[in-house]
Amino acid sequence: MNRSSKKLLVANRSEIACRIFQAAQEMGLATVALCAPGDENAKHVTEAQVVLPVPSYLDADSIVREAKKAGVDLIHPGYGFLSERSHFVRAVEAAGMGFLGPKPETMEALGGKIAAKEIAESLGIPTVPWAKIEMKSQSDDQLRLTALSAAKQAGDYPVLIKAHAGGGGKGMRVVRQESELMELLESAGREAQSSFGDGTLFFEKYIEGPRHIEVQVFGDGRGNGVHFFERECSLQRRHQKVWEEAPALRLPEATRQGLWESSLKLVRAMNYRSAGTVEYLVDEKGNYYFIEMNTRLQVEHPVSECITGFDLVHEQIELALLGDAYAIPDQGAVQAQGHAIEVRVYSEDPAQEFRPCTGVVSHLVWPSGPGIRVDRGIEVSQEIGTLFDAMCAKIIVHAPTRALAIKRMQYALNQTLIAGVGTNLEYLTRLAYDPKVVSGVVTTKTLDQEYQGFKPELSAFAASVLTEVLPLSTGSGEFRRNTGSLQESAQESLWRTVKL
Ligand code: ADP
């Protein structure tokens, strides 16, 4: 097959587009980027061989039309945007291009949380106790009675209201007592309707302080599946992942086996195609409960790549190019080695409720060295506005042991400098030295409990400005770098030194 004549478009932006371009180039494919208004100087736009202007990254019709005109062969959706929209997959495939992700029917079947739970249950996969809420054509009194009985059915208080079409923690509310129920239902319904155009809600038993563990899977679309072990994503801020690790910590062997087997059952039963993630909550006894399947490549996929040595995007491209001739890796060939950790670097200010920061990136220093990977989406002189997601990069480390991976993450964060725009780097550095995080004894509540009202010494923006105005340069115009051995405390990190 002549790959050099093939073109791969990424229907996304920033770090994930750049990461996919790397795989495409390694495999001999030409790279095609989209550029929405306001994103002209973005890294993914400057990196691609061909750039297609489109009105928006969500404009499926324009994207398919422009891609077809440009002779694109394959489209990777990344995550977010159109990545889980089945109508986009159908349009891409109807136009004769390959979609690097699951089939549209699979997306439809697993896209809604209620339907996904029903499928999981039919396969004997444990789910959190739950109940549907029928909200249509009922009087207020009827609705109240229905909601009260559904809450009981879901295991009684506390219960969690969730949106069927949910994502990103939207439409989620914890109800601790009956008196709050109706008010929270109404606000969750409003948020779900405005975020997803679907106000359907359901209840789930609220598990106090669980861990979030997920399994990276891959299917060939013909009933064969393989897993790439599990990830621990318990460190979350308001239900959003901040710090991810592979493999998971402190997990009984029977639980790990159960998680992998349940996930593969789902992949095989659905004839799942390409990369996906099966998400679970795990309680302190090691019981696990399916919550949903994400039918796409996830932000945190690099930690699974680090411990297994597989490149998941390579696999996605191979599968799309070879079709029935693709040979899925044998489970035995997928071995986990060492420990990997990822943190998400955002242009946001922890001192101000994590509000997005804006500015023009003036200086960048990325960490490097053995076992350090940076998936980056920004460049010097790029303007960071509020039009797009605030994630600028992911720092990933891999080491033979978790203890060394933690040290490596501390080192990597201490080596990182982003000036001109505020970031959460101080917050992440603080986490990397936090005794709880270092011990690995964490739950999904740890960050919200321990870091509520977290106040860095300076606002993220002030820190970034100071790094710029202080005499940072040496005579040769290079950054003064922290050349000391691994610091014992975050107090001495590069960017803290710079601030003083
Ligand atoms: P979304 O798709 O909106 O991100 P998820 O269902 O994936 O929502 O859940 C996101 C996070 O919310 C989980 O990782 C967990 O921290 C928390 N969560 C979800 N369901 C429950 C539950 N039943 N009990 C306790 N926490 C939950």
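Figure 1. R373 stands opposite I396 in β22. Strand β20 (residues 372-376) runs antiparallel to β22 and is joined to it by 5 bridges; two strands are taken to pair if DSSP finds at least two bridges between them. Helices (H or I, at least four residues) and strands (E, at least two) are DSSP runs, numbered from the N terminus. The model is predicted: local features require pLDDT of at least 70 and side-chain atom pairs count only at pLDDT 80 or more, whereas totals for chains, interfaces and linings use all residues. Residues are numbered from 1 along each chain as its sequence is written, and side-chain values use heavy atoms, with hydrogens and water left out. Strand β15 (residues 339-346) is also antiparallel to β22, through 8 bridges. Within this pairing, R344 stands opposite K394, and the bridge partner of I341 is V397. Because 8 of the 9 residues of β22 (residues 391-399) are buried, the strand is largely enclosed by the rest of the structure; buried means under 20% relative accessible area, exposed over 50% and partly exposed in between (1.4 Å probe, protein chains only).

**Figure 2. Strand β15 and its pairing with β12.** Strand β15 has 8 of its 8 residues buried, so it is largely enclosed by the rest of the structure. H339, I341, V343 and V345 point one way from β15, while A340, E342, R344 and Y346 point the other way; all are buried. Strand β12 (residues 240-246) pairs with β15 in the antiparallel sense over 4 bridges, and V343 in β15 is the bridge partner of W243. A cis peptide bond joins A246 and P247, with omega about -5°. P247 lies in the loop between β12 and α9 (253-269).

**Figure 3. Packing of helices α1 and α11.** Helix α1 (residues 14-26) packs against helix α11 (residues 312-322) at an angle of about 55°, with the axes 9 Å apart. Axes are lines fitted to C-alpha atoms, for helices over the stretch in contact, and angles run from 0 to 180 degrees between N-to-C directions. The two helices α1 and α11 are therefore oblique to each other; angles under 35 degrees count as roughly parallel, over 145 as roughly antiparallel, 65 to 115 as roughly perpendicular and the rest as oblique. The crossing of α1 and α11 is right-handed, that is, the near helix is turned clockwise from the far one by less than a right angle. R19, I20, A23, A24 and E26 of α1 make the contact with L312, V313, H314 and I317 of α11, where contact means heavy atoms within 4.5 Å. By class, the contact of α1 with α11 comprises 6 nonpolar, 1 polar and 2 charged residues; Ala, Val, Leu, Ile, Met, Phe, Trp, Tyr, Cys and Pro count as nonpolar, Asp, Glu, Lys and Arg as charged, and the others, Gly among them, as polar.

**Figure 4. Packing of helices α4 and α5.** The axes of helix α4 (residues 86-94) and helix α5 (residues 104-111) come within 8 Å and cross at roughly 180°. This angle makes α4 roughly antiparallel to α5. S86, V89, R90 and E93 of α4 meet P104, E105, M107 and E108 of α5. The contact of α4 with α5 contains 3 nonpolar, 1 polar and 4 charged residues.

Figure 5. Four strands form an open sheet in the order β6-β9-β7-β8, with antiparallel pairing. Its edge strands, β6 (130-132) and β8 (173-175), each pair on one side only. Neighbouring strands of this sheet are turned by 25° against each other on average, direction ignored. Strand β7 (residues 159-163) is joined to β8 by 3 bridges, and R173 in β8 is the bridge partner of I161. Helix α6 (residues 113-122) lies across β6, β7 and β9 (201-205) and runs at about 125° to β6. Helix α8 (residues 181-196) lies across β7, β8 and β9, at about 165° to β8. The peptide bond from Y157 to P158 is cis, with omega near -5°; P158 lies in the loop between α7 (140-153) and β7.

Figure 6. Most residues other than glycine have a negative phi. F229, in strand β11 (residues 225-237), has a positive phi of about 70°. F229 is buried, with a relative accessible area of 10%. S381, in the loop between β20 and β21 (383-384), has a positive phi of about 75°. S381 is exposed, with a relative accessible area of 53%.
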